[in-house]
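Please walk me through the pockets and the aromatic contacts of this protein model. Plain paragraphs will do.

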Amino acid sequence: MGDGNCPAGNRVRSAGDRLRPAPGRVRSAGVVRATVVRAEDAPGPTLVVRLDQLPVGALALGGELARLRHALSGTAYAGLDKIALYGPATRAGHTLDYRFVQALPDGGFDFRAGCGHSLLAAVVADGRPAAVTVRAVTTGDTVLCEPYGDAYTLSFLKAPTAPGTLPTGRPVDVLGGVPVSLVRYGNPYVFVDARHLPETEDEDDLRDRLLALRAEAARILGHPPRSALPKIAAFAEGPEGLSVRALTVGGWHPRLALTGAAALAAAGALDGTVVPAPTGPVRTPGGTVTVSAAADRVRVHHKRAKVLGGLELPWRIHATA
């Protein structure tokens with residue numbers, strides 16, 4: 001598996017994970033049919049590719065994905081940086097297998113992160129009218145997506161108290177003198193109470209401070225400094241409940257990542273973390289996000305996504321034998 005500085009030639013997944021078509025032995029070019037889906041609250045749309053739509057012999061290598069992104073430069077989706085690869089599930093009890101790839105500003109890819117909005121994008125692109133259970137191959141999560149009218153509830157089917165939710169084994173760690181909670185649920189997250197950050201009206205200063213904390217957390221958790229992981233969010237508690245600001249790749253998240261909402265609820269369900277349990281909708285710069293935690297799962301409610309269009313893009317295949 002690649003890391004946050006994966007070179008363009010690294011594979012999306014090892015052979016044992018089987019989230020890819022069988023390899024071929026020829027070098028050829030083909031066309032891939034992809035769907036562009038925009039999940040509400042996401043920073044941008046997701047390019048959704050169904051694996052059985054790939055040309056024979058394709059492995060979804062980093063190099064192939066780089067050329068796929070380059071082909072988008074002539075479309076309305078130039079700069080799209082989220083890719084969802086999915087297909088029929090390979091394990092009992094699941095409907096779909098899904099893998100997320102985050103394109104990085106330096107032209108590389110991060111193959112270790114998850115994205116709940118892109119997972120929802122894959123479900124919407126697949127078009128099934130009933131509940132779907134998705135295995136997120138990247139992160140190991142099982143996510144139940146249940147439609148309710150034009151919206152979905154996504155349930156992460158793991159107890160907040162499950163081993164590994166606190167990756168350091170501690171509900172609170174201190175980074176640069178700031179108490180934080182490191183939580184791995186959906187994605188690894190750093191949560192920091194805004195009261196412990198310097199008061200400033202300069203968003204660049206706040207971003208830089210959060211990035212410094214994130215880099216320290218990455219070192220502790222074993223992620224490369226330029227990786228997309230861990231994610232980080234600052235929260236404040238007030239009379240109207242929790243408010244949150246989060247960073248994503250390239251800047252501020254317009255609302256809150258779906259995995260961030262799940263991690264926030266999981267952290268709030270654990271004793272001793274810096275995060276209080278959400279008691280109502282969580283406020284973000286772009287609106288509210290609704291979450292709930294139970295003994296065996298965390299739910300993120302009222303999520304929507306829509307198909308923006310379909311594309312046919314060139315795909316070049318390398319010899320794989």
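How much space lies in the largest pocket? About 290 Å³. The model is predicted, so to speak of local features takes a pLDDT of at least 70 and side-chain atom pairs count only at pLDDT 80 or more, while totals for chains, interfaces and linings use all residues. Residues are numbered from 1 along each chain as its sequence is written, and side-chain values use heavy atoms, without hydrogens and water.A pocket here is an open set of points on a 1 Å grid over the protein atoms alone, where a 1.4 Å probe fits, with protein on both sides within 12 Å along at least five of seven lines; lining residues have an atom within 4 Å of a point. Of the 17 lining residues of the largest pocket, Leu211, Arg214, Thr248, Val249 and Gly250 are the closest to its centre. Helix H3 (203–221) and strands S12 (231–238) and S13 (241–248) each give two or more residues to this lining; helices (H or I, at least four residues) and strands (E, at least two) are DSSP runs.

The second largest pocket holds about 230 Å³ of space. Its lining includes Leu206, Phe235 and Arg245, and S12 and S13 are the elements that give it two or more residues. The charged end of Arg245 also sits over the ring of Trp252, 4.0 Å from its centre (CZ of Arg, or NZ of Lys, within 6 Å of the ring centre and within 35 degrees of the ring normal).

There are three aromatic pairs, with ring centres within 6.5 Å; planes under 30 degrees apart count as stacked, over 60 as edge-to-face and the rest as tilted. Phe109 and Phe111 are stacked, 6.1 Å centre to centre with 20° between the planes. Phe156 and Tyr185 are tilted, because their centres are 6.0 Å apart and their planes at 45°.

Note on methods: Points joined across faces, edges and corners; volume = space filled by probe spheres on them.
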